[in-house]
Each structure stands twice: as C-alpha cells, then as structure tokens.
Amino acid sequence: MRRFFNIAGPCNKVQHYIIDPATRLHGAENLIEYGQYFVIHAARQSGKTTYLQDLAQRLHAEGKYYALYCSLENLQGIIDPKDGIPEIVRKIKTTLRFSSIPKREIFAESADYNSFTSVLQTELTVFSMALDKPLVILFDEADCLSEGTLITFLRQLRDGYNSRRTAPFVHSIALVGMRNIRDFKARVRPDSESLGSASPFNIVTESLTIKNFSEKEIVELYAQHTAETGQIFEPEAIEAVWQQTLGQPWLVNAIAREVIEKELNSDFTKPVTADLVEKAIQTIILRRDVHIDSLLERLKEPRVRRVIEPMMLGEFVSTSSDDFLYTRDLGLIRVTKEAIEPANPIYAEVIVRTLNSDMQQSLQRSDFAYKMPRYLKNSKIDMTSLMQGFQQFWRENSAIWDERFLYKEAAPHLILMAFLQRVVNGGGQIIREMAAEKGRLDICVIYEGHKYPIELKIWRGEKSLSDGLTQTARYMDTFGVNEGWLALFDRRPDRSWDEKIYIRKETAGEKTVIVVGL
C-alpha cells in the first residue's frame, strides 16, 4: 500500500509521509539523561503523539532505559482522586501489558486502590525497584486530568521525585499536552484559574514545545510523495502552502490530501498547482474539519476572547498575562518581532468567519440588495459607492446586530467584514491582517487583479483620524496603490447618525484616502 498524507492520529513511517519526529523538538533527550521531569506542550495536531511514540521507541532501542508511552486521554472528566488515581494506575498497567518492558506483571499486582493518596507513588516505586534499567514515562494528554485527580497525581509524582535517593522511582517523566503546566485544568485555590506558580509539580525544570514545519521541511515532505508517485508539486504551490499555513503540520498535510485525493482524484499525472492549493484552502476553511472546529471552540472561552478581541482591534495585549500564554499554547496566535497575530493566515480567516458566521448566514438567507454587480464599473469595484451601501446597512442594522456578537468591541469590524464577504461572494478575495498594537485592522479586497485596501479603526480621540490616514497610506504602499479607504467607527453615544455618517477625501502625502464615517 502506498503511503499517504495523514490528518488523523499519529504518523508512522510505514503508512504515512513524515518528517523525522526527532528533528521537531530538541532538548528532551538531555533532560532525560539528567533524570529531569519536564513538560512538552504544543497545539492540537502538531505532532506531539507522533514525537512521543518515536521517542519511546528510540529510547528503548538504545538500551539505556525502559521507556513507556502512556496516554491519559480517557481520564478526562474524572475529577475525584478516589476514582481518578486508581484509573491512572490501571491505565499504566494496561499500557505496560502491551509493552516489552520486563517484569511488567508485577506492576499493580496487589495494589491497594483504597489508598488513592499514595497508590500511584507506591506502585511506581515497587516497579522501579524491580527493573534493571531506569524507567522513563511519557504521559500524553496529561492536561486531560483535572481538579482533585490532577493535584493528587502531581503530588505523588513530586514526592516520588524528591525521595529518589532513598527509594527508587521513575528516572524521568514528561507531561505532554496542549497546555503548559500552569494552565492545566485545576484550581489550587477557589479564586485561581490555573495552577500557576503554586503547582505542586514545581519540580519541572523546563517546558519544551514542538515547532512547526519549516519551508524546507514542507518541500521534503511533499518530495516523498513525488518520489513514490511521480506527481509534482509546482514551486508556486509549495510557496502558497508555506505562506498560508506557516508550517502548521495538520494544515500542510490536509491541503496536500485535499488537492491530491479530492481535486485531482489521485491522478498522479497532473501536477499540484498554486490554484489548486488555494481552492483546497477555501474548501478546508468552509468545511470546518474537526481540527479547526475544535480549535475555534476555544474562541468562546473568556480567557481567549480577552486576547483575540484586542488583537483584532489592533490594541495592546500583554505578553506576560496568563490569558496570553494560554491562547498562544492553544496554537491560535503567534509572536513575531513586530506583533502578536493569528498563528497563520488560514486561522486568521477562520477566526473571522467563525465570529461573524451568524451575520453571514443572515445575509445569505435574506433578499440581499448589496451584490457585486451593483458596484461594478468597467470591471472595477466602485469602492466608495460600496462603502456608502455599507453606511446605509450599518445605520439600519447596527443596533440589531451589535448585541448578538460575543466579541462586542469588535462587532463593527466583524459586521463590515461579513458585509464585504457577502458582496464579494466568491468573485474575489479578501485579505485580512490583524495584529495587536497596530491600532487598526487591515483588509484588502482583491477583484479582477485590482486591489482596494481598507483600514478599520475605532474612534479613540482626535488623533484617530490623523493616525488612521498615516496608517492607511502605509498599508496602501504594501499593495502599490494610490487610493485607499479608512472606515472610522464612532461609538460615542452622544453623536447623532448625521454627525457620524459622512464620506470625504483626504490626502496622506501623495496618496488619496477616502474617509468613511460610521
């Protein structure tokens, strides 16, 4: 059977095209060598399980350690340690049963499950004493544990760690999941949202993360398919995948699979082109596969909203806050030298479409008068006329829709983007650029090769207009055009609609900016 691009579960070299897992994370082997306990965290479907299973096999093959991979995923929701800790012991026992580690039958052979405060530590101590090599355990999905079960689990591991000079215990342990340990789902105190620095597992020496594919690794991954089938990925196609995914592993595999199996029906004589890649991306975005859907469910969480909403508005986001660290660890955002922004352009698109989906559906169902032909003149968009159409729509509908958005501060931006998406309706493209501390949100409508940059900005004082003109001019430079639009939302309650609604031309250097008051 030929190999394929995997988008469900861990990868293996026999069935799947795969980048060597050992290259995706560095430092774990050294920590194991030093007998350390550590955390590995990375976003969903970024390759954690693939890496752990490979690491366990490599450690075992080297012959210096016994290594056990153990998933705790099925313990989610068991919060009472009287139930949770015995289940963890049983899970380790079951995993050992199918491993090649010797004397596995003695683990939990006569465990006293009633002593839930010590049974895990006791059984790991007894088992470690029986082995002729140090034991390494890699706990996958560790952040599925919560509350009392999590706290008791961590305390027993810590006690075993601290007692290793007098009583043998596990040589090295990795806790692996989407979150760093400070955001494991537990409350040390009633008013605490996370473990924070009070974690009883503060023996952790280091927290590691699995990196995305580099552009070179995408080339290498796709080249494996070419070598086996002869099917070529055009350079422009690979560049498009890199630019849109920034190497997120699930997306890289999903796009290739969508093009090869769905668009080309596994006809390996046809090349993978940039146009096919773009079509596959739109399909994945609209289909909202499980990976994307589960990730975007997080947008409803208050902790995530407190980061994503100001980022959309271009406002300040503290990189030291627990909310920021949590949202970053989920894989929704990234930090560059310039800004905090969505983790990749595909996620940026899906974030917006998710947050304004109700608005889009409403516009789709209604007898919508604002359609693209109405705003076309000589195959170009009359953007000023289109923005006047939105002014009318905003005046008539903003009060109705404002309160329906979970992200209320960003509601104006979301409504305008839904409006533009409905007008364009597959006949063009909308590029969205959002980043914290930019003071605005940038979008560009592209239609028939023409580019129409628009700045979205909330009125925050007298400098809003002058700053907006400068920012719009800079954004116009990105696309090499001399005309742009500044949508300035005035949310002051004492302003009448007649005062807020206007359109006028301004200049910024040698460029023309159409200011659209809203």
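Predicted model: local features only at pLDDT ≥ 70, side-chain atom pairs only at ≥ 80, totals over all residues.

Student: In what order do the 6 strands of the open sheet lie?

Tutor: Strands of a sheet pair through backbone hydrogen bonds, either parallel or antiparallel. Strands are DSSP runs of E with at least two residues, helices are runs of H or I with at least four, both numbered from the N terminus, and two strands pair if DSSP finds at least two bridges between them. Here the order is 10-11-12-13-15-14, with mixed pairing, and the edge strands, each pairing on one side only, are strand 10 (429-433) and strand 14 (502-508).

Student: How many bridges join strand 14 to strand 15?

Tutor: There are 7, and the two strands run antiparallel; Tyr502 has Gly517 in strand 15 as its bridge partner.

Student: Which residues touch the most other members of the largest nonpolar core?

Tutor: A nonpolar core is a set of buried (under 20% relative accessible area, 1.4 Å probe, protein chains only) Ala, Val, Leu, Ile, Met, Phe, Trp, Tyr and Cys residues joined through side-chain atoms within 4.5 Å. Among the 96 residues of this core, they are Tyr222, Met312 and Ile454, and helix 16 (residues 411-424) gives the most to it, with 10 residues.

Student: Why does Gln471 count as buried?

Tutor: Gln471, in helix 17 (residues 463-479), counts as buried because its relative accessibility is 12%.

Definitions and conventions
Residues numbered from 1 in each chain as written. Heavy atoms only, no water. Buried < 20%, exposed > 50% of the residue type's maximum accessible area, 1.4 Å probe, protein only.
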